[in-house]
Amino acid sequence: MRARGLAGRVVALLCVVLAVGLLPWLTRNDPALTILHARYADRPPTPETLAAIRAETGLDGGPVQVLGGWFGGLLHGDFGTSWVSGAPAGPDVGAALGVSLTLMGCSLLVAVVLAGLLCLGTLRRGARRRIVRARAGVLGAGLAALPEFLLASVLATFFAVQLGWFPAVGWGTPGAVVLPALAMGIPAGALLGRLLDDALPAAFAEPWAKAAAAGGIPGGRVARHAVRRTVPGVLPQFGFVVVGLTGGAVAVETLFSIPGLGGTALAAALAQDLPVLQASVLVLLVVGALAGLLVRGIGRLLVGPALRDGALPALVRPRLSAGRGLRWAAVLLTVVFVGVVVAGLLRDPYGIDAAARLGGPSLAHPLGTDSLGRDVLARLGHGAGRTVLMALVVSVVTLVVGVAVGLLPGAGGFTEMVNALPAIVAGLLVAGVAGPGAGAAALAVAVVAWAPLAAHTRALHDQERAAPHIAVTRSLGAGRWWVLRRHVLPGVWPPVLRHAVLRIPAVALALASLGFLGLGAAPPAPEWGRMLSENMAYAERAPWAVLGPAGALVVLGMMAVLWGAAGGSWRWTKTGPERAVGSGAMESAPGPSTAVDKESAGVRG
């Protein structure tokens, strides 16, 4: 299994590096012309000049010569020479990596602290065996749906410009790390906290937790063991967050003028500076592989003996109804959201009122106007069809692909490599083949968005297969597909589905971000991400132009969590100490161990 995983990592790494190396020949533009514009903005593109650039970079020799030369230098520790600046690519990429790792470490600290705070309520109630109606994780979903560059802009405006507590741009001082780390760490911590909080109730519902409470073991100790029990299932997402914070923080790095690895890779991709781009992607892939190995090691350290001995009971989420408050909140929020969208659809999203540029909310423009005088409500409503529907389609595709790949043995290495590829680079590769457009942007996001779901699926799959009732089922003659369909998938599918729902706003934002870079629908098409990007410079003067699409993304995330909680959620009734073990609600959740007895008669058939 280890050899298969290592082979998957090597194959995936080579495929990604080769695909990146073919970028100049995949794009529809002349790479020599792009390099010329990156070097000299005003120099005319004469045939002689372009021919000289092709000869200098080796483009005239074709991809085999370019890739062969780069791989040959890589064996000697040479990452090549930048086609734009003429400087060695290795030192620049190494310096950018150091900056990104520092920022990643600080952001990860923020994420871990926030995740712990979001789970604190569940831990306290679980430790006391007084868990009441489950929280829907609305706060975590709202924070996870916040665009990083919007959060960074708000933090910079308030804490740097207005209060002057931290520098607004730059790098090199301790204070310069605070705002970027908060902007990157808050959404990441909200996602991790939401996933962990979603899994904790199942751990508190297990027999060991009830027996510990009945035996007088302190609640704090039970809570610590519950965290240890649930962390391995969420741990792969922790590794993906590490990779995302290292190379995926392009917008935050650009806003704060941070010379990080994500910005370096994006600039090289846009300029088609192949040596720098290949070096950046290779470093990101190595970071992804190391993060994956570290996560696997920590997971085996936490539950390794139980996985090896098949003594790990399956986590079964208590099947209890949600409160009326969650249902009514979901309905109310949906009605308001649909009402705003319908009101926007009745307006013209392309009409320009030059006299009302950056105008505030009024009867004529209920949500104000943008920098060109276009109605924000109209663009918000028409953009919902493009952004939300496309995000839903992509999310469904990534969910199916992620679960399918996660169930394949030995696919962990390939998953880690794909996750390490920035969505921007994937977008450039897809757009180079298919051309820019909404379909190309959707395909680019789908290429990389399935990886976290696949890792989550694999982690839960390993724990489910290590449960004792699986061995009993096999001893009764059950085949592999029977076990997978009747015992493994019922425990894997629900949490992965909730994870996919939580990522819908992130998918919508990724689609919009690619559109802003010219890889999605062409302007002036109304897209939420484009609305944010076009009006970000006017956020202080006309905040309504930014709050509209940003609020829509946050509401989308809250709706997803509320409907998930209202449709198939759980509720633990408040119990006294004398009912800590014998609560009927706690006993009512059917688990795989009881399903074996009910189905054993039909297993052999």
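This is a predicted model: local features need pLDDT of at least 70, side-chain atom pairs count only at pLDDT 80 or more; totals for chains, interfaces and linings use all residues.
Residues are numbered from 1 along each chain as its sequence is written, and side-chain values use heavy atoms, with hydrogens and water left out. The protein chain has 26 helices and zero strands; these are DSSP runs numbered from the N terminus, helices being H or I of at least four residues and strands E of at least two. Of its 605 residues, 53% count as buried, where buried means under 20% relative accessible area, exposed over 50% and partly exposed in between (1.4 Å probe, protein chains only).

**Overall contacts and surface**

- Among contacts in the protein chain with a separation of 6 or more, 78% join residues 24 or more positions apart; a contact means heavy atoms within 4.5 Å.
- The accessible surface of the protein chain comes to about 26000 Å², and carbon and sulfur atoms hold 67% of that area; areas come from the Shrake-Rupley method with a 1.4 Å probe, and for residues only the protein chains shown count as cover.

**Nonpolar cores**

- The largest nonpolar core has 47 residues, of which Phe204, Leu245 and Phe256 touch the most other members; such a core is a set of buried Ala, Val, Leu, Ile, Met, Phe, Trp, Tyr and Cys residues joined through side-chain atoms within 4.5 Å.
- Two or more residues of this core come from each of helices H6 (89-127), H7 (138-144), H8 (148-162), H9 (175-204), H10 (207-214) and H11 (219-247), and H9 gives the most, with 15 residues.
- Not counting residues up to four places away in sequence, Leu245 touches Met104, Ser107, Leu108, Met184 and Ala188.
- A second, separate core of 34 residues includes Leu150, Ala440, Ala442 and Ile504.
- In soluble globular proteins, nonpolar side chains tend to be buried together.

**A nonpolar surface patch**

- Leu109, Val113, Leu117 and Leu120 form a nonpolar patch on the surface, with about 390 Å² of accessible area together; patches are made of residues with over 30% relative accessible area and no salt bridge, like charges being joined within 9 Å and nonpolar side chains (Val, Leu, Ile, Met, Phe, Trp, Tyr) within 5 Å.
- Leu120 is found in helix H6 and is partly exposed, with a relative accessible area of 41%.

**Aromatic pairs**

- A search of the whole structure finds two aromatic pairs; rings of Phe, Tyr and Trp (its six-membered ring) pair if their centres lie within 6.5 Å, with planes under 30 degrees apart counted as stacked, over 60 as edge-to-face and the rest as tilted.
- Phe158 and Phe159 form an edge-to-face pair, at 4.9 Å centre to centre and 90 degrees between the planes.
- The rings of Phe159 and Trp165 have centres 5.8 Å apart and planes at 45 degrees, so this pair is tilted.
- Phe158, Phe159 and Trp165 form one aromatic cluster, in which Phe158 is partly exposed at 44% relative accessibility, Phe159 is partly exposed at 23% and Trp165 is exposed at 57%.

**Salt bridges**

- The structure holds two salt bridges, each defined by a side-chain nitrogen of Lys or Arg within 4 Å of a carboxyl oxygen of Asp or Glu.
- Asp375 forms a salt bridge with Arg347, the closest N and O atoms being 3.8 Å apart.
- Both Asp375 and Arg347 lie in the loop between helix H15 (324-345) and H16, so the pair ties together parts that are 28 residues apart in sequence.
- Asp375 is buried at 5% relative accessible area, whereas Arg347 is partly exposed at 28%.
- The side chains of Arg374 and Asp370 meet in a salt bridge at 2.9 Å, N to O; Arg374 is buried at 5% relative accessibility and Asp370 is buried at 3%.

**Helix H16**

- Thr398 is found in helix H16 (residues 376-406) and is buried at 3% relative accessibility.
- Leaving aside neighbours within four places in sequence, Thr398 is in contact with Ala446, Ala449, Trp450 and Leu453.

**Positive phi values**

- Most residues other than glycine have a negative phi.
- Ser257 has a positive phi of about 55 degrees although it is not a glycine; Ser257 sits in the loop between helix H12 (250-255) and helix H13 (261-271) and is partly exposed at 45% relative accessibility.
- Leu358, also not a glycine, has a positive phi near 55 degrees; Leu358 lies in the loop between H15 and H16 and is buried, with a relative accessible area of 7%.
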